[in-house]
Amino acid sequence: MAHRIAAIPGDGIGNEVVPAGLTVMAAAARRFGFDLSWESFDYGADRYLRDGTTLPDADLAHLSEHFDCILLGAVGDPRVPGMEHARDIVLGTRTRLDLYVNLRPIKLIHESLCPLKGKGPRDVDFVVFRENTEGMYAGAGGFLAKGTPGEVAIQESINTRRGVERIVRAAFLWARAHDLGRVCMSDKHNALRYEGDLWYRTFREVARDFPEIEARHLYVDVLTMEMVRAPEQFRVVVTNNLFGDIVTDLGAQIQGGIGLAASANVNPETRRAMFEPVHGSAPDIAGTGRANPLATVLTVAMMLEHLGEGRAAREVEAAVSAAIAEGATTPDLGGSLTTDGVARWLCQWLERPETLR
Ligand code: ATP
């Protein structure tokens with residue numbers, strides 16, 4: 001049966017990197033002999049400005065029923081300064097499909113890209129499980145006396161036992177399935193005493209179900225320092241929505257920058273998933289052919305893994321690694337190829353007989 005992908009290129013460079021990613025995915029499908037089909041949807045700023053559509057419930061239900069997963073490019077446009085459409089499309093999909101795991105691999109593909117002295121691909125290779133539906137991003141809060149000198153703004157962090165337990169458990173299950181041996185939970189329970197207490201207690205309790213896995217705790221400020229000092233100590237990190245947002249951006253830098261950071265939003269029980277490169281719509285370079293497609297290509301590799309095409313996923317990663325080694329990249333990584341040029345290079349690499357690689 002064909003894998004069916006719903007593609008939402010979105011705004012700015014999303015319209016360049018998503019077609020590039022799909023082209024590479026099609027080359028992988030030809031090489032590994034699986035069927036693939038995709039359909040593109042025009043949700044994004046243009047559509048929002050034209051008719052007010054963001055991503056209605058009925059449309060999302062259609063995507064989730066008729067496709068195996070969603071590939072999103074980027075949403076964000078200077079013409080929509082309030083980002084209403086982006087909030088609905090990205091945060092709305094995560095919450096309405098209950099994609100509670102934000103999975104972010106922090107994997108250095110080539111030594112030349114790491115800003116840390118003396119660190120190579122063996123040192124920077126872990127995954128972050130970021131809680132994706134609760135915490136500070138749940139949207140709870142309000143204003144008092146808005147716009148007056150006495151204004152009060154309240155932003156509340158929502159943490160449910162169920163929400164915390166399922167993300168912590170997902171991290172342990174991943175560590176077990178991939179034989180990774182350790183999980184580090186990061187919070188700030190010395191200062192954030194209520195949510196921190198729930199996270200810490202839940203982590204300790206869940207850890208008892210995984211006696212073969214080392215369960216470690218680090219305050220998030222210590223985690224950021226340790227990720228820079230000695231990233232090789234991490235295999236799986238699990239944390240809340242806000243801290244996860246920050247530590248994964250730090251992770252993106254130690255793996256070679258925003259042009260290489262991939263992500264998945266997944267519900268492991270329903271298997272529903274949305275995949276997206278971490279970078280934004282980059283309006284400053286949109287339409288110039290300078291957008292680096294590698295984050296999207298690595299995101300496509302995660303999607304292939306999710307679809308059960310593990311061999312193809314590893315081969316796509318190997319193609320990205322070869323492109324970097326040979327300087328077949330866009331200018332942000334020091335090369336001189338265009339977005340499409342990089343995609344073509346990767347397709348040719350995937351299509352060459354193994355003996356020539
Ligand atoms: P958002 O506000 O949605 O996060 P953004 O594009 O302003 O969007 P980033 O994605 O953090 O924010 O990008 C910051 C800058 O990094 C961009 O303006 C662009 O110059 C550069 N950049 C981001 N992604 C890429 C890419 N894939 N290839 C090349 N340069 C990129």
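Me: How many residue pairs are in polar contact across the interface of domain 1 and domain 2?
Reply: In this predicted model, the rule finds five such residue pairs across that interface, with both residues of a pair at pLDDT 80 or more. The side of domain 1 that touches domain 2 draws at least two residues from each of helix H4 (84-96), E12, helix H9 (294-306) and helix H10 (310-325).

Me: What area is buried between domain 1 and domain 2?
Reply: About 1600 Å² is buried between them, and carbon and sulfur atoms give 67% of this. In domain 1, Arg94, Val278 and Met302 lose the most area to domain 2, together accounting for 36% of what that side buries.

Me: Why is one side of strand E2 and of strand E9 left without a neighbour in the sheet?
Reply: Ten strands form an open sheet of mixed pairing, in the order E2-E1-E3-E12-E11-E4-E5-E10-E8-E9. Strand E2 (36-40) and strand E9 (214-219) stand at its edges with a single partner strand each, so one side of each lacks a neighbour in the sheet.

Me: What makes strand E3 and strand E12 count as paired?
Reply: Pairing requires at least two bridges; two bridges join E3 (residues 69-74) to E12 (residues 273-277), so these parallel strands meet the requirement. Ile70 has Met274 as its bridge partner in E12.

Technical notes
Residues numbered from 1 in each chain as written. Predicted model: local features only at pLDDT ≥ 70, side-chain atom pairs only at ≥ 80, totals over all residues. Heavy atoms only, no water. Helix = DSSP H or I, 4+ residues; strand = E, 2+ residues; numbered from the N terminus. Buried area = accessible area lost by both parts, 1.4 Å probe. Polar contact = N/O pair within 3.5 Å; in protein donor to acceptor, adjacent residues only side chain to side chain.
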